[in-house]
Number of protein chains: 2
Amino acid sequence: MGAYRGHSSGGRRVFLPGPLPTFGGLVTPRRAGFTYAASGVDRSDVSAALHELLRGTRYRPPIAHGRPLELPGHYAGLVRVGRETLAITTDTVGTKVVLAERVGRWEEVGEDLVGVNVNDLAAVGARPAALVDTILCDRPRPAVFRSLGIGLGRGLRRAKCALLGGETAVVPDLVRGIDLGGTALGFFPRRRAPVTGARIRPGDVLLGIPSRGLHANGFTLVRRLLDSSRVRLGSPRPGGRWPVGRELLVPTRIYSSAVDAVVDDPGIQGLAHISGGGVRNLPRLRPHVAFVLDRWPRVPGLFRWLQELGSISDEEMFQTFNMGIGFVLVVRAGRSAAVERGLARAGARDVVRIGRVERGRGVRLPAFGLDYETYS
Amino acid sequence: MGAYRGHSSGGRRVFLPGPLPTFGGLVTPRRAGFTYAASGVDRSDVSAALHELLRGTRYRPPIAHGRPLELPGHYAGLVRVGRETLAITTDTVGTKVVLAERVGRWEEVGEDLVGVNVNDLAAVGARPAALVDTILCDRPRPAVFRSLGIGLGRGLRRAKCALLGGETAVVPDLVRGIDLGGTALGFFPRRRAPVTGARIRPGDVLLGIPSRGLHANGFTLVRRLLDSSRVRLGSPRPGGRWPVGRELLVPTRIYSSAVDAVVDDPGIQGLAHISGGGVRNLPRLRPHVAFVLDRWPRVPGLFRWLQELGSISDEEMFQTFNMGIGFVLVVRAGRSAAVERGLARAGARDVVRIGRVERGRGVRLPAFGLDYETYS
C-alpha cells in the first residue's frame, strides 16, 4: 500500500509494507493505533531511493522508436508506436501472497494478478489486450500452480484479456514463498483518447463502483492486525459469513470491462482505481479541484472490523484501503445517468453516486471529518 | 538458466537455479563435475507445475480485444491490436543480483535488466519501444538505486528504448536483497513481419554476434563454482585482466540495435538470443533442420576457467552459457555478406560466420563432438 508515482512519464508505483517486521513483536493496538508514522517506514528514504534510480533513466529515444506520452503520476505509461497509442502498467499482488500461503488458497491471488494490472489500464481508459506474468518461487509446486492458473484464467476471462507469456523463476536465494507480478498491455480502440483527468471541473459527478472487499494492497498491515489480535483465520469475524481467511482473500474486482463499455462516452472526464493510497488517488487526476465525497456509502463490515482490531483512524483507513468503493468515474453531470446505465448494461449494476467535484483542492469526506490536502 | 518455453502463445520462460541450495555445502567438483542431473533440480517437477499453471489460462478474448498470434515456444508473445503487431516479453536478471551484492556493484545488473528483455524482442525482429521495471527489495537503498539507475539509463540508450514506468516494492517478507525484473514492449515498424524461423532451410548461413561475457543466466551455478573453489572476487583469474567479480558482472551485450538495423533485409530467416539453454535455443526456431556450428570461434577464457573450476562437460557448458556467441542470425547464403555489412554499419563489426543449416535436426558442434538432438 502507499502508492507513490513520481516517474515523469507514466506510472511508477512504490509498494511499502505496513508496519515493518522491524516494528517488533506484539503491540498494544488499543493504545497506539497502527499508522505509517509509527511503523518505522520512512517514506523519505523510499523517495530518496527512487529519485536516485530515476536520475539515470531520463532518456528519450529517437522518434522512430516510439514516442512516450507525458502523463505525470498516472496509472499507466503511454507510448505511441506506429499508428496506435499503447498503455502499459506493471504491478504485483504484494504480500497478499503471504496470507494465501497461510490459508492455503491460491485461486484468488491468481485472479488478483490480472485485476491489479487491468484496473490500472482501465484508469487511463485503455482496453486490456495482453498480460504477461512473472512468478518467482522458492520451489516448483504443481498443486499451487494449478490453483494459480485457475484464478489467472478466471481473471483473464473477466478482463477479456489474453495471457501472452511469462517468466517462472525458481530462485530460492532471492524469494521466500511465491511472488506474483505481471505487466498488462492496453490500447485505445478506434479514435478513443486516453482519459487523463485534465478537463475535470467543478460540477462533475463522482460515480463509484463498489469493491468486493480488499484490493491486493495493505496486506502487510492486515497480517500485523491479525497477528496482534490472534485472529483465527478459519472462523468468521463477528457479522462475517465466511471464515476470515477466505473473506480477506476475495479477489480484486475487475472493473476494466465495465469501464471499457462506457469510456467512449463524451461525459467521462477521469478514472481512478482506488488501490494503495485509497481516496488520495483522486487528486492525482487533477490537483486543481476538490473531490468532495459527501455520499460515501456505508463502509463494509470487513473494513470496520480491521479498523477496530488496530484502533486505526478513519484518516489512515481511507488513505490505505478502498473502504468499499474500488473504482471512481468522474463524469459531466449531464452524462451521469447515461454512464450509469451503460455501466449497468455492462454488468456493473451497483454503481453509486459518491460525491462531486468542487472548487478547491484535495479530497474531503465531510461525514468522516476528513480533508486530505494533497496526494502524498 | 535452463530456459524453457512451453506456453502455447508466445514466450514463457522458466528460470532454474544451477545446483540448488539443497545440494549441500562444499562439493568436490573435480570428482563429480557440476551438472543439472546432479543438482537436485528435477526438471519434470517444474514442467508439471507449469503445465498445471497453464491449464487454467487458455482463454482467447474476443477479437476486438486484440488477436494473440500463435508463435509456440518463441522468445516473445505477439498480439495484433488495431493496426499494429506488438511483441511483449518479460524477464528478470535472475540470481546475478546476488553476485552484484557481493561485489557491491549495481550498474551492470541495471543495464542487464534492459538487455535481457530487449534481446528477446530482437529475436522476433521487433524494435524495442518501452520498458517497465519491477524492483523488489527488502529495504530502500538510495546508493544502490542510484547505481541501478545509471546502468538502466545506459541500457536504455544502447537499446534506444524509453522507460515507461515501473513498480518498486519494499517487501522484506518476500524478498532477500533485490530482485530486478522487467517487461519490454516492441513493435514492427512499417511493413516488417515478425521473424519466426519458419522458412529456415538447409544452406542458410549462421552469423554470430560475440557476447561481452556471460549473459544474465547461469549465475546460481557460477556462484556455486566460485564458492566451492574459494575464488577471491577481488583478484583476476589466471589470464584475466579484471578482478573476477567485475569480469563476471560485465553486462549482457545489447544486440537489439544492430539486429534492428538489418532485420528488414529479405535474407534474414531466423534470430536467436543465446541465453539460458545455450545453443539449444537454435532448434526452437525450426525443429526440422540441423544447425551445424562448425566454425565456432575460440571459447573465451572466462568460460574455460569456469568450466575447469567445476570439471563441467562441454555438453553442459554449451547448453548453459553463451560460450562467446550471444546472438545468432540465420541468413540466406546470398544475403549473408550484405547482412554482415549492415551489422558492421550499425556498430557490430565483430560478427563471425559460425556455421550453416543442413538437413537433419538438432544442433551439432563437430569440433567439440557435441550433438544435441532436440531443444529440451
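**Figure 1. Pairing of strand 9 and strand 11 in chain B of the predicted model.** Strand 9 (268-273) of chain B runs antiparallel to strand 11 of chain B, and five bridges join them. Strands pair here if DSSP finds at least two bridges between them. Leu271(B) stands opposite Leu329(B) of strand 11. Helices (H or I, at least four residues) and strands (E, at least two) are DSSP runs, numbered from the N terminus. The model is predicted, and local features need pLDDT of at least 70, side-chain atom pairs count only at pLDDT 80 or more, while totals for chains, interfaces and linings use all residues. Residues are numbered from 1 along each chain as its sequence is written, and chains are lettered from A and ligands numbered from 1 in the order in which they are written.

**Figure 2. The open sheet of chain B.** Seven strands of chain B, in the order 9-11-8-12-10-13-14, form an open sheet with mixed pairing. Strand 9 (268-273) and strand 14 (370-372) are the edge strands, and each pairs on one side only. On average, neighbouring strands of this sheet are turned by 20° against each other, direction ignored. Helix 12 (residues 336-345) of chain B packs on the sheet and touches strand 8, strand 9 and strand 11. The direction of helix 12 makes about 15° with that of strand 8 of chain B. Axes are lines fitted to C-alpha atoms, for helices over the stretch in contact, and angles run from 0 to 180 degrees between N-to-C directions.

**Figure 3. Two loop residues of chain B with positive phi.** Arg190(B) is not a glycine, yet has a positive phi of about 45°. Arg190(B) lies in the loop between strand 7 (178-187) and strand 8 (205-210) of chain B. Arg190(B) counts as exposed because it has 7 C-beta neighbours inside 10 Å. Met323(B), also not a glycine, has a positive phi near 55°. Met323(B) is placed in the loop between helix 11 (314-318) and strand 11 (325-331) of chain B. Met323(B) is buried, with 25 other C-beta atoms within 10 Å. A residue is buried if 20 or more other C-beta atoms lie within 10 Å of its own, exposed if 12 or fewer, and partly exposed in between; C-beta atoms are placed from the backbone.

**Figure 4. Strand 7 of chain A and its partners.** Ten of the ten residues of strand 7 (residues 178-187) of chain A are buried, so the strand is largely enclosed by the rest of the structure. Ile178(A), Leu180(A), Gly182(A), Ala184(A) and Gly186(A) point one way, and Asp179(A), Gly181(A), Thr183(A), Leu185(A) and Phe187(A) point the other way. Strand 4 (residues 84-92) of chain A runs antiparallel to strand 7 and is joined to it by seven bridges. Thr92(A) has Gly181(A) as its bridge partner in strand 7. Strand 5 (residues 127-137) of chain A pairs with strand 7 in the antiparallel sense over ten bridges. Leu131(A) has Ala184(A) as its bridge partner in strand 7.

**Figure 5. Helix 4 against helix 5 in chain A.** Helix 4 (residues 107-122) and helix 5 (residues 142-159) of chain A pack at an angle of about 35°, with their axes 6 Å apart. Helix 4 passes helix 5 in a right-handed crossing. A crossing is left-handed if the near helix is turned anticlockwise from the far one by less than a right angle, and right-handed if clockwise. Residues of helix 4 in the contact include Leu113(A), Val114(A) and Val118(A), and those of helix 5 include Ile150(A), Leu152(A) and Leu156(A). The residues of this contact divide into nine nonpolar, six polar and four charged. Ala, Val, Leu, Ile, Met, Phe, Trp, Tyr, Cys and Pro count as nonpolar, Asp, Glu, Lys and Arg as charged, and the others, Gly among them, as polar.

**Figure 6. The interface of chain A and chain B.** In this interface, 91 residues of chain B are in contact with 91 residues of chain A. Contact requires C-beta atoms, placed from the backbone, to lie within 7 Å. Helix 5 of chain B gives the most to the side of chain B that touches chain A, with ten residues. That side has 48 nonpolar, 25 polar and 18 charged residues. Chain B can be laid on chain A with an RMSD of 0.0 Å by a turn of 180° and a shift of 0.0 Å along the axis. The two copies are thus related as by a two-fold rotation axis. Copies are superposed by least squares on the C-alpha atoms of residues with pLDDT of at least 70 in both. Of the residues of chain B, Val175(B) comes closest to the rotation axis, at 2.3 Å (C-alpha).

Terms used: Contact = placed C-beta atoms within 7 Å.
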